[in-house]
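Hi,

Here is the structure I said I'd pass along. Have a look at it first, and then read on for what turned up.

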Amino acid sequence: DAVIIGANTGAICVIDFFIENSTLQLILNNNVGCPDTLYQYVEMLNLAQCNYYDNFDQVSYNNSHGTQDWSSESWLEYNDNNDFSSGDIRLNGRKLRLQNSPGAPTVYIERNVNLLNIDNARLSFDFRTSNWVESGDIFEVEIYDGNSWSTLYSLNGQRPNGFFPDFDISAYANADTRIRFSVTNGYTGFRERIRIDDVAIYGDC
């Protein structure tokens, strides 16, 4: 049992579950009235928690879809053209897409987030790689604690364990925390790409 709060036709829908461990069932009808089946990951964020969230539904680098305003901090590209509509790093199909050009330096994108007043902070996101990824294609998730960068996650030519990594970043939380997605090697071949969606940083207010 649940109730939809407010409009339910936009990109974000708030649902109040009356009991824990509820199941959300999506029933769709197409324009000729025939039922259809949808398989879609649904990001569940506890509204009792503070969260910064970007679902990349708008073609912008300063999206803010969570309970905390993230619009003052934008994603910043490095070793690319810093244009969200073109280059090796871009927004495409409501996702953040990364690849690299042969002979080019490491490309990465990062965003600052103020976690000074958030306890038990965590980072989660939807992660996909193409089928053409091979050994030597290295992707890393890094975090900055105000003094130095640390690697949270590294993949070398393989798919992750599940598509939705979730990390405890409480040890790195402060007013100048930054998260970074990096292509540190490879991803230069035909259709060797990374797609990231539903980036959420959340914790206790």
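Which residues point one way from strand 9, and which the other way? V107, I109, R111 and V113 point one way, while Y108, E110 and N112 point the other way. In a regular strand, side chains alternate between the two faces of the sheet.

Before going on, some ground rules: this is a predicted model, where local features need pLDDT of at least 70, side-chain atom pairs count only at pLDDT 80 or more, and totals for chains, interfaces and linings use all residues. Residues are numbered from 1 along each chain as its sequence is written, and side-chain values use heavy atoms, with hydrogens and water left out.

Strand 6, residues 76-78, runs antiparallel to strand 9 with three bridges, and E77 is partnered with I109. Strand 14, residues 177-185, pairs with strand 9 over seven bridges, also antiparallel, and there R178 stands opposite N112.

Last, there is one disulfide (a pair of cysteine sulfur atoms within 2.5 Å). It joins C50 to C205, S to S 1.8 Å. C50 sits in strand 5 and C205 in the segment after strand 15, 155 residues apart. C50 counts as buried at 7% relative accessibility, whereas C205 counts as exposed at 57%.

Cheers

Notes
Buried means under 20% relative accessible area, exposed over 50%, partly exposed in between (1.4 Å probe, protein chains only). Helices (H or I, at least four residues) and strands (E, at least two) are DSSP runs, numbered from the N terminus. Two strands pair if DSSP finds at least two bridges between them.
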